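Let's take a walk through this one together. Have a look at the fold first, and then we'll go through a few spots.

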Amino acid sequence: MTEDIEVSRHNAVRFPGISPRAYEHPVDRGALATLRAVPGFAQVVKAVSGFYNERGERLMALASSIRVGPKQYPELERLRHECAETLDLPAVPNLFVFQNAQIQAQTVGMDEPFIAISTGLVELMNQESLRFVLGHEMGHVLSGHAVYRTIMVRLISLQLAMSWTPVSALGIRAIIAALREWFRKAELSCDRAGLLCSQDPTAALRAQIQVAGGIDPARIDVPSFLQQAAEYESVEDIRDSFLKLKSVETESHPFAVVRAAQLQKWAASENYRAILAGDYVRRDAESPSSDWKDDLKSAAQSYKESWNSSTDPLTKVFSDVGEAVSGAAGKVWNKFGNGNGNGAAD
């Protein structure tokens with residue numbers, strides 16, 4: 001870490017050795033658990049994705065963007081080190097600012113991930129909101145999301161190339177839809193990482209309001225903004241439900257208003273307070289190979305709770321069908337599950 005950069009914040013909580021499992025959304029963990037449980041999966045992906053030129057990506061960023069440092073965007077340099085220190089990253093990712101009026105931020109690379117943010121984002125957001133954004137991207141680094149996101153990007157390209165073969169295209173579309181569902185939940189995970197870096201739910205909400213279209217957060221009424229999420233979730237016409245399902249399928253990120261409401265809900269949770277108090281999973285104490293089944297159960301429970309609390313008519317249909325199928329399956333298992341027909345459980 002650069003010696004002449006003052007990174008420590010007074011009264012800010014640091015999380016030594018924090019595992020990404022501490023903040024990852026249950027569905028994010030469940031999806032990744034199935035992949036991480038396969039020995040050597042990440043290495044195989046890197047091998048077969050050799051045409052993904054990470055070195056070229058870094059060279060392009062170096063040649064066409066501003067690399068943040070003590071003499072270039074020094075205020076961002078300080079935030080970069082602060083966030084890396086807060087989440088105790090093994091290495092501080094490089095940060096680049098590229099010219100684009102849109103609000104954009106991304107984490108690129110598998111072996112040496114780096115962060116790139118747009119000038120539009122830098123110009124629009126204040127320091128506290130920028131800390132949240134950089135913390136979000138640091139969450140992607142710590143969780144190792146780049147490997148899986150690369151799979152999604154490559155499959156999307158493959159889908160376009162194979163669009164003339166309907167069967168292949170449909171198969172790839174199903175995989176892409178699953179990956180996009182995972183990545184939307186991964187974005188919720190990293191919003192939580194951003195909040196852990198910011199430790200200011202108001203600043204996080206301000207950043208998300210700006211992403212949604214709030215040029216000046218002072219002109220936005222926060223309760224009205226969050227009410228939009230409640231209205232979106234509680235549509236009564238099943239036609240709206242199908243429209244929601246259709247529109248979200250091709251999205252790689254959650255919708256901004258819904259995303260903001262999700263993070264504010266987590267900010268008020270016992271889980272967030274426990275992490276701030278130092279009660280969290282640490283990297284040196286976790287054993288992913290034995291925890292993946294628990295992750296899948298947590299993901300299933302998360303979906304179930306979401307369905308049960310939703311007023312969306314289509315979601316309630318899925319929930320009712322799921323409960324019926326689950327109940328029927330349970331009865332069959334209780335009767336025949338042990339193979340002798342007496343209903344005894346293992």
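How much space lies in the largest cavity? About 40 Å³, in what is a predicted model. The count comes to two cavities of 30 Å³ or more. Around the largest one you'll find Leu 188, Asp 191, Arg 192, Arg 259, Gln 262 and Leu 263. Sorted by class, that lining has three charged residues, two nonpolar and one polar. Helix 8 (166–198) and helix 12 (256–267) each supply at least two of the lining residues.

Next, hop over to helix 9. At its start, a side-chain oxygen of Asp 200 comes within 3.1 Å of the backbone nitrogen of Thr 202. Several residues of helix 9 are buried, among them Ala 203, Leu 205 and Ile 209. After the helix comes Gly 213, with a positive phi near 130°.

Now for the aromatic rings: the structure holds three aromatic pairs. In one of them, Phe 15 and Tyr 280 have ring centres 5.9 Å apart and planes at 80°, so they meet edge-to-face. This pair links distant parts of the chain, 265 residues apart: Phe 15 sits in the segment before helix 1 (26–36), and Tyr 280 in the loop between helix 13 (270–276) and helix 14 (288–309). Phe 15 is buried at 0% relative accessibility, and Tyr 280 is buried at 10%.

Phe 96 and Phe 114 are also edge-to-face, because their planes are at 75°, with centres 5.5 Å apart. Phe 96 belongs to strand 2 and Phe 114 to strand 4, so the pair ties together parts 18 residues apart in sequence.

Definitions and conventions: Residues numbered from 1 in each chain as written. Predicted model: local features only at pLDDT ≥ 70, side-chain atom pairs only at ≥ 80, totals over all residues. Heavy atoms only, no water. 1 Å grid on protein atoms, 1.4 Å probe; cavity = no way out; pocket = protein on both sides within 12 Å on 5 of 7 lines; lining within 4 Å. Points joined across faces, edges and corners; volume = space filled by probe spheres on them. Helix = DSSP H or I, 4+ residues; strand = E, 2+ residues; numbered from the N terminus. Nonpolar A, V, L, I, M, F, W, Y, C, P; charged D, E, K, R; others polar. Buried < 20%, exposed > 50% of the residue type's maximum accessible area, 1.4 Å probe, protein only. Polar contact = N/O pair within 3.5 Å; in protein donor to acceptor, adjacent residues only side chain to side chain. Phe/Tyr/Trp six-rings, centres within 6.5 Å; stacked < 30°, edge-to-face > 60°.
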